[in-house]
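This briefing is written for a reader who is meeting a protein model in detail. Please look through the sequence and the structure before reading on.

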Amino acid sequence: MSNILVKEYTIPVSSCDNSGKLSIPAVFDLFMDLATEHAALLNIGMDTLSKKGCFWVAAKTRIEFDVRPRMLQTVAASSWPEKPGNIRYNRYYTVKDGEDVIIKGKTEWTILDMQTMKPKKSSEVYPQDIVHPEDVVCEEPFSRISTDFSDSEEMLSYTVTSRDIDVSQHMNNVAYIRAVLSSFTCKEIEDMNIRQVEVAYRLQCYESEKLSVRRRNTEDGIEIGIIKEDGKTATTMKLICGS
């Protein structure tokens, strides 16, 4: 069974930021769409898993940016899964301009049981006839980011609204990215020259929840914590910036 999805993609104006380039949240959207479509083609999509009483959850994502394509530019977007572990699944992504890889990404997924909310073993739900390529991008392990932001500066107080909620009935993964980036001005984002975004999703957030977005500076960028009202860290994020 084929296990790589490649799609020609013309950058729409609705997905561009003030610079006329594909926005950072739109890249996350694109990769999420590719993963969802491809999983369905491989018979491990949301509908198939729901019939088995389970669902996909993204645990961590890293996207590395070399060049963000411009409005109406046509690129090739690809996604493929790595051979699964016992309960963890890596999926990779690239965006190519011709032969050049200009964006690459990796997401770590797991499949949870709807009743117990515990991970399902891949042997129970994952098709055995998928052949997995050896191609790997974003090879370095995910970062370890401390969840303690008690002494960190609050950069934004954010209330989850209906526009943030997806079919899972909690805050969409990309909504966290949009919320964080909304706290910066266009000039600040331009000056930061974000080269990499890494996110770890820990707890779900729901409509009307009030979140505290906090930051601490690092040598190469910014670490961000999205904190629930009970003080627990829902999401951590790392932005690596370039010159």
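This is a predicted model: local features need pLDDT of at least 70, side-chain atom pairs count only at pLDDT 80 or more; totals for chains, interfaces and linings use all residues.

Residues are numbered from 1 along each chain as its sequence is written, and side-chain values use heavy atoms, with hydrogens and water left out. The structure holds 6 aromatic pairs, and a search of the whole structure finds 1 cavity of 30 Å³ or more.

**Aromatic rings**

- Rings of Phe, Tyr and Trp (its six-membered ring) pair if their centres lie within 6.5 Å; planes under 30 degrees apart count as stacked, over 60 as edge-to-face and the rest as tilted.
- Phe31 and Tyr93 form a stacked pair, because their ring centres are 4.6 Å apart and their planes are at 10°.
- This pair links distant parts of the chain, with Phe31 in helix H1 (residues 24–41) and Tyr93 in strand E4 (residues 89–97), 62 residues apart. Helices (H or I, at least four residues) and strands (E, at least two) are DSSP runs, numbered from the N terminus.
- Both Phe31 and Tyr93 are buried. Buried means under 20% relative accessible area, exposed over 50%, and partly exposed in between (1.4 Å probe, protein chains only).
- The rings of Trp56 and Tyr89 have centres 5.0 Å apart and planes at 80°, so this pair is edge-to-face.
- Trp56 belongs to strand E2 (residues 54–65) and Tyr89 to strand E4, so the pair ties together parts that are 33 residues apart in sequence. Trp56 and Tyr89 are buried.
- A cluster linked by ring pairs contains Trp56, Tyr89, Trp109 and Tyr126.

**Charges over rings**

- A charge sits over a ring if NZ of Lys or CZ of Arg is within 6 Å of the ring centre and within 35 degrees of the ring normal.
- Lys106 lies over the face of Phe142, 4.6 Å from the ring centre.
- Arg216 lies over the face of Phe149, 3.8 Å from the ring centre.

**The cavity**

- On a 1 Å grid over the protein atoms alone, a cavity is a set of points where a 1.4 Å probe fits but cannot get out, and a pocket is an open set with protein on both sides within 12 Å along at least five of seven lines; lining residues have an atom within 4 Å of a point.
- Grid points are joined across faces, edges and corners, and a volume is the space filled by probe spheres set on the points.
- The largest cavity holds about 120 Å³ of space.
- Among the residues that line the largest cavity are Phe28, Phe31, Ala58, Tyr93, Trp109 and Tyr201.
- H1, E2, strand E5 (100–113) and helix H4 (173–181) are the elements that give two or more residues to this lining.
- The lining of the largest cavity has 9 nonpolar, 3 polar and no charged residues. Ala, Val, Leu, Ile, Met, Phe, Trp, Tyr, Cys and Pro count as nonpolar, Asp, Glu, Lys and Arg as charged, and the others, Gly among them, as polar.

- The largest pocket holds about 1,000 Å³ of space. Of its 41 lining residues, Phe55, Trp56, Val57, Ala58 and Trp109 are the closest to its centre.
- E2 supplies the largest share of this pocket's lining, 7 residues, and by class the lining of the largest pocket has 24 nonpolar, 10 polar and 7 charged residues.
- The second largest pocket holds about 520 Å³ of space. Of its 22 lining residues, Asp17, Ser19, Arg68, Ile189 and Glu190 are the closest to its centre.
- Helix H5 (186–192) is among the elements that each supply at least two residues of this second lining, and H5 gives the most, with 3 residues.
- The lining of the second largest pocket comprises 9 nonpolar, 6 polar and 7 charged residues.

**Cysteines**

- A disulfide is a pair of cysteine sulfur atoms within 2.5 Å, and by this rule the count is 0 disulfides.
- The closest cysteine sulfur to that of Cys138 is in Cys241, 17 Å away and too far for a bond.
- Cys138 is buried, at 5% relative accessibility, and Cys54 is buried at 0%.

**Positive phi angles**

- Most residues other than glycine have a negative phi.
- Leu72 is not a glycine, yet has a positive phi of about 70°; Leu72 is found in the loop between E2 and strand E3 (74–81) and is exposed, with a relative accessible area of 62%.
- Ser208 has a positive phi near 80°; Ser208 lies in the loop between strand E7 and strand E8 (210–217) and is exposed at 51% relative accessible area.
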